Amino acid sequence: IALAGMPAVAMAYVSEEIEPHSVGPAMGLYIAGSAIGGMAGRLGVSLLTELIDWRWGLIGVGLIGLAMAEGFRRLAPPSRRFVPQPVHPGAV
C-alpha cells in the first residue's frame with residue numbers, strides 16, 4: 001500500500017527536475033530499474049533461503065533496500081524547481 005503512489009511521485013519529480021526532452025528516457029530507466037530491483041529481491045530471497053531461514057532472507061533483502069534508500073537520500077542532488085504549496089483539505 002505504501003509503495004502504490006511511488007511511480008506517480010517519481011514521475012512528478014522527474015518532470016520537474018529533468019529537461020523535457022529527457023523525461024521519457026528517464027522514466028523508462030525508472031520503470032526498468034523497478035522491474036530489475038523487484039526481480040533481484042525475489043531471487044535474492046530465494047537464494048538466501050537455500051542457506052538460511054526464509055525470514056532472515058527477507059530481513060536481509062529489506063535491510064539492503066533500506067541501505068539503498070538511505071544512499072539515495074544522501075547522494076541525490078537537492079530539488080531545484082520544487083516550490084511547496086499549502087494544502088487545503090476539502091478544496092477542489
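Me: How are α2 and α3 set relative to each other?
Reply: Keep in mind that this is a predicted model. In it, the axes of α2 (residues 23-49) and α3 (residues 54-75) cross at roughly 140°. Angles over 145 degrees would count as roughly antiparallel, so α2 and α3 are oblique to each other.

Me: Ok, and what's the distance their axes come within?
Reply: The axes of α2 and α3 come within 8 Å. Angle and distance go together here, since two packed helices are described by the angle between their axes and the distance between the axes.

Me: Which hand does the crossing have, left or right?
Reply: The crossing of α2 and α3 is right-handed.

Me: Which residues make that contact?
Reply: From α2 you have G41, G44, V45, L48 and T49. On the α3 side, W54, G57, L58 and V61 take part.

Me: Which residues are buried in α2?
Reply: Those are V23, A26, M27, G41 and V45.

Me: And what do the buried ones pack against?
Reply: The buried residues of α2 pack against α1 (6-17) and α3.

Me: Switching topic: is E17 buried or exposed?
Reply: E17 lies in helix α1. The cut-off for buried is under 20% relative accessible area, so at 8% relative accessibility E17 counts as buried.

Me: What is E17 in contact with, apart from its neighbours in sequence?
Reply: Leaving aside neighbours within four places in sequence, E17 is in contact with P78, S79, R80, R81 and F82.

Me: Where is R81, then?
Reply: R81 lies in the segment after α3. Its relative accessibility is 42%, so R81 counts as partly exposed. Setting aside its neighbours within four places in sequence, R81 is in contact with E16, E17, I18 and E19.

Me: What separates the C-alpha atoms of R81 and I18?
Reply: They are separated by 9.7 Å, with R81 and I18 being 63 residues apart along the chain.

Me: Last one: where does G62 sit?
Reply: G62 is in helix α3. With 33% relative accessibility, G62 counts as partly exposed. Its C-alpha is separated by 17 Å from that of L51, eleven residues apart along the chain.

Key: Residues are numbered from 1 along each chain as its sequence is written. This is a predicted model: local features need pLDDT of at least 70, side-chain atom pairs count only at pLDDT 80 or more; totals for chains, interfaces and linings use all residues. Side-chain values use heavy atoms; hydrogens and water are left out. Axes are lines fitted to C-alpha atoms, for helices over the stretch in contact, and angles run from 0 to 180 degrees between N-to-C directions. Helices (H or I, at least four residues) and strands (E, at least two) are DSSP runs, numbered from the N terminus. Angles under 35 degrees count as roughly parallel, over 145 as roughly antiparallel, 65 to 115 as roughly perpendicular and the rest as oblique. A crossing is left-handed if the near helix is turned anticlockwise from the far one by less than a right angle, and right-handed if clockwise. Contact means heavy atoms within 4.5 Å. Buried means under 20% relative accessible area, exposed over 50%, partly exposed in between (1.4 Å probe, protein chains only).
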